[in-house]
Amino acid sequence: MPTFRPDLVDIPVYRPGRTPGEVRREYGLESIVKLASNECPYEPFPPVTEAIGRAASAINRYPDNGTREVRSAVAAFLEVSPDQLWFGGGSNELIYVTALAVGGPGTSAVYAAPSFGLYRIATRLAMAEGVEVPLDEDDRHDLDAILAAIRPDTTVVYVCNPNNPTGTHVSAAQVEAFVEAVPERVLVVVDEAYFEFPTAPDFASALPLVADRDNVVVARTFSKAYGLAGLRAGFFIGPAPTLEELRRIQLPFSVSTLAQVAAIEAVKHQDLVQERTSANRRGLEAITAGLATRGIDFADSQTNFVYVRPPMDATGCFEALQRRGIIVRDLGGAIRISVGTEEENRRLLEALDEVLG
Ligand SMILES: Cc1ncc(COP(=O)(O)O)c(C=O)c1O
């Protein structure tokens, strides 16, 4: 065997859930409903698919490593300057690179738990220590406790708003007060992967906070509301000098030509984004109303998924749903259900009735 880093051996190997095809064959089912990865259940916007088709014949060339056009397009939409944007092959990549750029032995990263699993893995990869702060009793970020957990060796804090896997949010005022209190030497990453979905009146992006500070970046993605998870395009909005430092160690050409073209086209179609997020809201309401009627406990979601504590063993519930062709995410103690199409949401509730008797 080759020699591997001993400090990484206890990171669990990523085991993706079984594919819809595997589940269908194993249980002899006709169709599968995949509600496990917080994807958009609808096909990409038709003009985006067309733009990808037109660009396909140019993929013998490397992509634009400077992501110039896509930064210009998204910057115009967000009313920021293109040098305040940093693109990656999904925001995942940027979170990874950030952890490496600010981490290292003798540093720590602070984040909530449970929250997006990548914060923990990226922190370990960076040889930094993860300081995990439990969510409050409403499954929300406890920003006071996160602030108190910042140590002299802390270099980064992740705030996932709304939070994955619970779907809960913290208000714009709370995030602002938090950012005000964080020492300037600590980078604050506000992960807004689900930014397009919230309807809570007190939710707002942390984007305005970027303008006056060197230490705040906002993460966004084309994987969720824009329906481009399979292409991999995400970005940070932040102060240009800070992004410049983070960018140093990014792999070249990580944002493919097709991802850039798709993002340029997708951002033009805010009407379709609205359509999809409205459909999501109706689906979320249908699912949560169904859960409430059945007396099943769930967290207050502002996203395209819901965090459910089933009145039985969560893994048992996950497996029983899977046997019925419904794939959700097992979190041990809870399951996370992504919002699907109207028909998929209906099938989910029917399957839950069977499973819970
Ligand atoms: C909170 C959060 N951040 C970031 C990501 C990564 O998104 P992507 O790499 O597809 O842009 C996800 C994906 O599920 C997420 O839930």
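Modeller: In this predicted model, Val159 has Val190 in β6 as its bridge partner.

Biologist: What makes β5 and β6 a pair of strands, and in which sense do they pair?

Modeller: Two strands pair if at least two bridges are found between them. β5 and β6 have five bridges, in the parallel sense.

Biologist: Why is β6 called largely enclosed?

Modeller: Five of the five residues of β6 (residues 187–191) are buried, so the strand is largely enclosed by the rest of the structure. Leu187, Val189 and Asp191 point one way from β6, Val188 and Val190 point the other way, and all are buried.

Biologist: How do you know whether Asn163 is buried or exposed?

Modeller: A residue is buried if 20 or more other C-beta atoms lie within 10 Å of its own. Asn163 has 27 other C-beta atoms within 10 Å, and is therefore buried. Asn163 lies in the loop between β5 (154–160) and α7 (172–181).

Biologist: Which residues are in contact with Asn163, leaving aside its neighbours within four places in sequence?

Modeller: They are Ala112, Ser115, His141 and Thr168. Contact requires C-beta atoms within 7 Å. As for Ala113, it is 50 residues from Asn163 along the chain, and the C-alpha atoms of the two are separated by 9.8 Å.

Biologist: What makes you say that the buried residues of α3 line one face of the helix?

Modeller: In α3 (residues 68–78), the residues Val70, Arg71 and Val74 are buried. Seen down the axis of α3, its buried residues fall within an arc of 100°, so they line one face. Arg68 and Ala76 are exposed on the other side of α3.

Biologist: What covers the buried residues of α3?

Modeller: The cover includes β2 (85–88), β8 (234–237) and α10 (257–266). After α3 comes Glu79, whose phi is positive, near 60°.

Biologist: Why are β9 and β12 said to stand at the edges of their sheet?

Modeller: Their sheet is open, with four strands in the order β9-β10-β13-β12 and antiparallel pairing. β9 (297–298) and β12 (329–330) each have a single partner strand, so one side of each is left without a neighbour in the sheet.

Biologist: How do you know that β12 and β13 pair?

Modeller: The requirement is at least two bridges. β12 and β13 (residues 335–338) have two bridges, in the antiparallel sense. Asp330 stands opposite Ile335 in β13.

Biologist: Which residues come nearest to the ligand?

Modeller: Of the 13 residues around the ligand, Gly90, Asn92, Thr221, Ser223 and Gly234 come nearest. By class, the shell has four nonpolar, eight polar and one charged residues.

Biologist: Why is the protein chain called as compact as a globular protein of its length?

Modeller: The chain contains 13 helices and 13 strands. Its radius of gyration is 20 Å, close to the 21 Å that the globule rule gives for 357 residues, so the protein chain is as compact as a globular protein of that length. The C-alpha trace spans about 55 × 55 × 50 Å along its principal axes.

Biologist: How much of the protein chain is made up of buried residues?

Modeller: Buried residues make up 43% of the 357 residues. Among contacts with a separation of 6 or more, 72% are between residues 24 or more positions apart.

Conventions
Residues are numbered from 1 along each chain as its sequence is written. This is a predicted model: local features need pLDDT of at least 70, side-chain atom pairs count only at pLDDT 80 or more; totals for chains, interfaces and linings use all residues. A residue is buried if 20 or more other C-beta atoms lie within 10 Å of its own, exposed if 12 or fewer, and partly exposed in between; C-beta atoms are placed from the backbone. The arc is that of the directions from the helix axis to the C-beta atoms. Two residues are in contact if their C-beta atoms, placed from the backbone, lie within 7 Å. The radius of gyration is taken over C-alpha atoms; the globule rule is 2.2 Å times the number of residues to the power 0.38. A residue is near a molecule or strand if its C-beta atom, placed from the backbone, lies within 6 Å of it. Ala, Val, Leu, Ile, Met, Phe, Trp, Tyr, Cys and Pro count as nonpolar, Asp, Glu, Lys and Arg as charged, and the others, Gly among them, as polar.
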